[in-house]
Amino acid sequence: MAKSTPNRKDESSTQPDGNVDDATGRRLSHQPQTQPQRPSSSSNQNGSPRPRPSGVLPSSRPSTWPIFLIHFVLPMSLLVLVSNSNDIHRGFAALLSKPMPSSLDTEALTKPTSLPTASSPTKSSPNSKYQNEINAAIQRKKKDKTSRQTATTQSPSQQTSKQHTNRKPTGPLSSPLYQQMEAKIKKLRAQYEESHNTPSEYLAAIRYADFLKYRDATIHDGGTHQMEAIEVYSHAIDLLEDTWREKMAKGEDVRLTGTTNGKYKGLNQELFLDYENKSIEGMLCATLSNLGKVYFMSNIFERAVRSYEECLSYDHDYLDSLTYRAQTLVILGKYEEAGRDYKRVLEIDTDRIFIDSVTGMAKILTAKEDAVPGGWDFLVKLLEIELSRQKEVYDQLKLSNNSGGIKHYADGLKRMHHAMFAYHDIKTKNVSEAWKHLSKGNEYKMSTVAPFDAASEKERVSRVKQVFVPDFFPRGIGSETRAPIFIIGFVRSGSTLLERILDAHPLIVGTGEDSVFNGRLDTIRNEIVKASMVGDSRVLHQTVKKLADDVVVDMKSRWEVIDSNMHDEDDEVEENDSKEERPSPSRFADKMLTNYMNVGFIHLLFPNALILHVAREPMDSIFSAFKHDFPPGGLDYTSEFAGLAQLYHSYRDVMEHWDEILPGRVTHIRYEDMVTDLPNVAPQIIEAAGVPWDPTVLDFHKKKQAVNTLSTTQVRKGMYSHHFKGWKRYEEFLKPLSELVGSRVKYDLKTTLPGYLKADAKPQATQSSLPSPRENVQP
């Protein structure tokens, strides 16, 4: 449901905080002072900064320019140089190991040794056995097409080109992979525009949209091209539907029929064909399914479900849409419906191409076993057969050195063993069996990953500590806004719970896992270095402020897109009636846990923004990371003891560094305090965010927000503490890991929310002691 909120002040009226650091003159945000401050030369006697006359900028060159050069410009240049060299190295490695996809279906998994093949197309007639499904699809899409059509005389391809050609890229500009992708996008965009009113227009549109989707799935920068991909896919679907109707009217073929091996029927025969070789219905289904995936990536989950359902109206067993509809339904908390989809996929997909169905089914059974008929028994019986069969194929592929096949089957075996771990961990409580499957699954995962580079990880931490020193931050730099709220911490530390608490407030929204700030970080580093080399501090101040403002604009734009697409067209009248009552949020929660490495940049751009560090009992967090299968990337090494321990040490090293050079800048929140003392913790979180208290925050788990994270199912359960010290059940197996963590198995960190005292230290907060909902919000 849309959020109903009081009006807020315009952000342009924001006044800076009065607290000033005695050494640098910078603002210390909204944190309370831990000790009396000596007025700086730029402050009056009460410690507040002297007001600067309107229009007066800092001096063109600091009086201590050599110090500024040593402490800021040179360290920043070094950081960018080393960071970019690492990006370039990784980029070239990626280009050598994984060439750009030539096929348009960039989502397809590595194909097994044999795949279904399609026979020649046959004629379809109005009496076709598929006619009922197709007629239903036509009726369902009449309104959808109307909503997609443009109100101007320009072609959609021309409009899209004009709208997006001048958009400034926000990703890692120094990466060769990124540069190659942007060049490819430019080429495909031109081909798409040139194809207007030609027979190849829908193919050009699909090629272009598929690559935009692939690019945003590969480079995480806040979804730069997602809306463009949605526009282009929608246009391609309109063209394909027109062509489909023409073919039906003429009695021409609209799908391929027949199969050579009997395993796959209907449109599933065309799953792995190039678009040029698919039938019209095959192209329609594939395009609708890919449109759903972009909606999913954009956190527009209801529309994703509708796209999958449009495809399934042509063929209700189309595996790609069945699998991803189920995944989306899990996000929406519709476990029974998701379970039906996953069960059907497991019945049809005997080659286990869509292995996500195993992981998804295990997630549903873990959250709500009775959502699936037969419960765990159905999945376990299937896996007991499949594990031996898949292992046999995997061993054969290893003998033949088939690297692509090895990776596919290793991934499948990993998922199956992880599902069996969940079964024994939750259902049978057999710790030995559970550990056997968990360790075996992680072994398969690590067999396809390059060895962990401990030296590179240590160098990364050392570089941050060398660059960001107390004298690094120039005076008075950055944006005054408090709009962003940054959530940082180690993985599996309770960050999703914290984000849900924030998002339950009508004036705060979560922007999802794809951090806008993190996606722009490469550009931010390069632009700051470029500005600092000019030698004019005004240029640096203006550049940093603009970079910060751009991040906030993108956060707001991301929310506006999600908000405008969160309702079906059936709700359009109600949506329009209520829009006047729904002012925009004033805070945007950016949850990218690994941004603990980037607190220095966050503080540079947003000296007043709230940075919330959520910390959990170390071994609970570490073991939770070890047993969870993260998407491929930097967290791969949480599946092995050595890499996981080093990553945790890096996290603790960096957090200790920020507390040393920016004391009080990061607000710490113990996960255990959130769980056991929410009525006292939540009001202080909301007060720290600078918005009025709203009692409905305490009922965050009853709200129907979709949660796209590994904690999707847990966060819907509300508060529970039975998992505290959960690692102790596996202590004998985890002993080598705890020894690598050493003394850091304990973390004597306290919640530092201003005004917070634990429940056993004071009476529970009452409504009268909480901020009034009528208080103004400071932007």
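R729 is partly exposed in this predicted model, with a relative accessible area of 37%. Its side chain meets that of D425 in a salt bridge, at 3.0 Å from N to O. D425 lies in helix α13 (residues 403-428) and R729 in the loop between α25 (712-715) and α26 (731-741), so the pair ties together parts that are 304 residues apart in sequence. D425 counts as buried, at 11% relative accessibility.

The count of salt bridges comes to 40. D554 and R520 form one of them, with an N to O distance of 2.7 Å. This pair also links distant parts of the chain. D554 belongs to helix α18 (residues 537-564) and R520 to helix α17 (residues 516-532), 34 residues apart. D554 is partly exposed, with a relative accessible area of 27%. R520 counts as buried at 13% relative accessibility, because the cut-off for burial is under 20%.

R344 and E347 also meet through their side chains in a salt bridge, at 3.4 Å from N to O. Both residues lie in helix α10 (residues 335-348). Being 3 residues apart, R344 and E347 are separated by about one helical turn. R344 counts as partly exposed, at 33% relative accessibility. E347 is partly exposed as well, with a relative accessible area of 42%. Elsewhere, a network of salt bridges links D356, D411, K414, R415, K445 and D629.

Y192 and Y208 form a tilted pair, 5.6 Å centre to centre, with 35 degrees between the planes. Y192 lies in helix α4 (residues 176-194) and Y208 in helix α5 (residues 201-218), so the pair ties together parts that are 16 residues apart in sequence. Both Y192 and Y208 are buried. The ring centres of F472 and F473 are 5.0 Å apart and the planes stand at 85 degrees, so this pair is edge-to-face. F472 counts as buried, at 1% relative accessibility. F473 is buried too, with a relative accessible area of 4%. One aromatic cluster is formed by F421, W435, F623, F626, F641, Y730 and F733.

Charged groups also sit over aromatic rings. The charged end of K343 is placed over the ring of F378, 4.8 Å from its centre. R652 lies over the face of Y747, at 3.7 Å from the ring centre.

Notes. Residues are numbered from 1 along each chain as its sequence is written. This is a predicted model: local features need pLDDT of at least 70, side-chain atom pairs count only at pLDDT 80 or more; totals for chains, interfaces and linings use all residues. Side-chain values use heavy atoms; hydrogens and water are left out. Rings of Phe, Tyr and Trp (its six-membered ring) pair if their centres lie within 6.5 Å; planes under 30 degrees apart count as stacked, over 60 as edge-to-face and the rest as tilted. Helices (H or I, at least four residues) and strands (E, at least two) are DSSP runs, numbered from the N terminus. Buried means under 20% relative accessible area, exposed over 50%, partly exposed in between (1.4 Å probe, protein chains only). A charge sits over a ring if NZ of Lys or CZ of Arg is within 6 Å of the ring centre and within 35 degrees of the ring normal. A salt bridge is a side-chain nitrogen of Lys or Arg within 4 Å of a carboxyl oxygen of Asp or Glu.
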